[in-house]
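Hi,

Here is the structure I said I would pass on. Have a look at it first, and then read on for what turned up.

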Amino acid sequence: LQIIDGKAKVPGSTLVALHVRRGDVLKEHFVEVGYTFPNMSFFHDSIRYFVDKYPNVKVIVCCEDHDWCESNLTSMPAEMYFSQNKDPYVDLAIMSMSQHVIMTTGTFGWWGAWLANGKTIYYSDWPRYNSTLSKGFLQEDFFPPHWIPMT
């Protein structure tokens with residue numbers, strides 16, 4: 001791994017960070033107000049997008065639910081690495097230095113993607129349609145137009 005022009009690079013590879021926010025968004029209160037979590041096809045399809053577009057994709061998973069990620073994301077169509085640290089600042093640094101980002105929901109993943117300034121795929125079924133959280137929320141105000149929505 002090398003740092004070149006502020007980006008983490010593995011020679012001959014494309015580095016994609018995957019931010020998975022899972023823990024709190026599955027709690028009853030968050031689900032009731034409109035938080036959502038993607039199904040497995042979102043992860044597979046978003047990783048496949050980068051695999052089809054770039055050479056030798058390596059995905060670094062940054063998350064707070066390490067057990068779930070390691071149990072569910074190992075059979076994706078790219079080489080997967082799992083951040084083992086418990087410090088969110090390190091995960092944010094990893095995301096910001098990646099070439100591209102895949103994010104589920106929330107502002108933490110959003111900032112990682114913004115700072116990376118590469119291609120970003122985001123989970124577009126957040127917040128749940130017609131929920132309390134969605135009232136007054138405009139996706140076009142939150143997600144830059146060049147980011148790629150995926151369900």
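Before anything else, a word on terms: a residue is called exposed when its relative accessible area is over 50%, buried when that area is under 20%, and partly exposed in between. Please also keep in mind that this is a predicted model.

With those cut-offs, take N117 to begin with. N117 has a relative accessible area of 63%, so it counts as exposed. It sits in the loop between α5 and β7, and its phi is near 60 degrees, a positive value in a residue other than glycine. N56 also has a positive phi, of about 45 degrees, although it is not a glycine. You'll find N56 in the loop between α2 and β4, where it is partly exposed because its relative accessible area is 40%.

While we're on the backbone, there is a cis peptide bond to look at. It joins W126 and P127, with omega at about -10 degrees. P127 belongs to the loop between β7 (120–123) and α6 (139–142).

W126 turns up again in the surroundings of T105. T105 is in the loop between β6 and α5, and with 1% relative accessibility it counts as buried. Leaving aside residues up to four places away in sequence, T105 touches H19, R21, V25, T36, Y123 and W126.

Now for the helix I'd look at next, α4. Which residues of α4 are buried? In this helix, which runs over residues 88–97, they are D91, M95 and S96. Seen down the axis of α4, the buried residues fall within an arc of 135 degrees, so they line one face of the helix. What lies over them includes the strands β2 (7–9), β3 (14–20), β4 (57–63) and β6 (100–103), along with helix α5 (107–116). At the N-terminal end, α4 is capped by D87, which has a side-chain oxygen 2.9 Å from the backbone nitrogen of Y89.

Strand β3, part of that cover, holds V16. Is V16 buried or exposed? Its relative accessibility is 0%, so V16 counts as buried. Not counting residues up to four places away in sequence, V16 touches F50, V57, K58, V59, I60, S98, H100, V101 and I102. V16 and L115 are 99 residues apart along the chain, and 13 Å separates their C-alpha atoms.

Together with W111 and W114, it makes a nonpolar surface patch of about 340 Å². W114 is in helix α5, and at 43% relative accessibility it counts as partly exposed.

Last, the charged pairs. Side chains of opposite charge can pair when their charged atoms come close. How many salt bridges does a search of the whole structure find? The search finds four, and here are three of them:

- R21 and D24: the side chains meet in a salt bridge, at 2.6 Å from N to O. R21 counts as buried at 18% relative accessibility, whereas D24 is partly exposed, with a relative accessible area of 23%. R21 is also one of the residues that T105 touches.
- R48 and D52: the closest N and O atoms of this salt bridge are 3.3 Å apart. Both residues lie in helix α2 (residues 40–53), four residues apart, which is about one turn of the helix. R48 is partly exposed at 31% relative accessibility, and D52 is exposed at 59%.
- E79 and K58: the side chains meet in a salt bridge, at 2.9 Å from N to O. E79 lies in strand β5 (residues 79–82) and K58 in strand β4, so the pair ties together parts that are 21 residues apart in sequence. E79 counts as partly exposed at 37% relative accessibility, while K58 counts as buried at 11%. K58 is also among the residues that V16 touches.

Cheers

Conventions. Residues numbered from 1 in each chain as written. Predicted model: local features only at pLDDT ≥ 70, side-chain atom pairs only at ≥ 80, totals over all residues. Heavy atoms only, no water. Buried < 20%, exposed > 50% of the residue type's maximum accessible area, 1.4 Å probe, protein only. Helix = DSSP H or I, 4+ residues; strand = E, 2+ residues; numbered from the N terminus. Arc of directions from axis to C-beta. Contact = heavy atoms within 4.5 Å. Polar contact = N/O pair within 3.5 Å; in protein donor to acceptor, adjacent residues only side chain to side chain. Patch = residues over 30% accessible without salt bridge, like charges linked within 9 Å, V, L, I, M, F, W, Y side chains within 5 Å. Areas by Shrake-Rupley, 256 points an atom, 1.4 Å probe, with all protein chains shown as cover.
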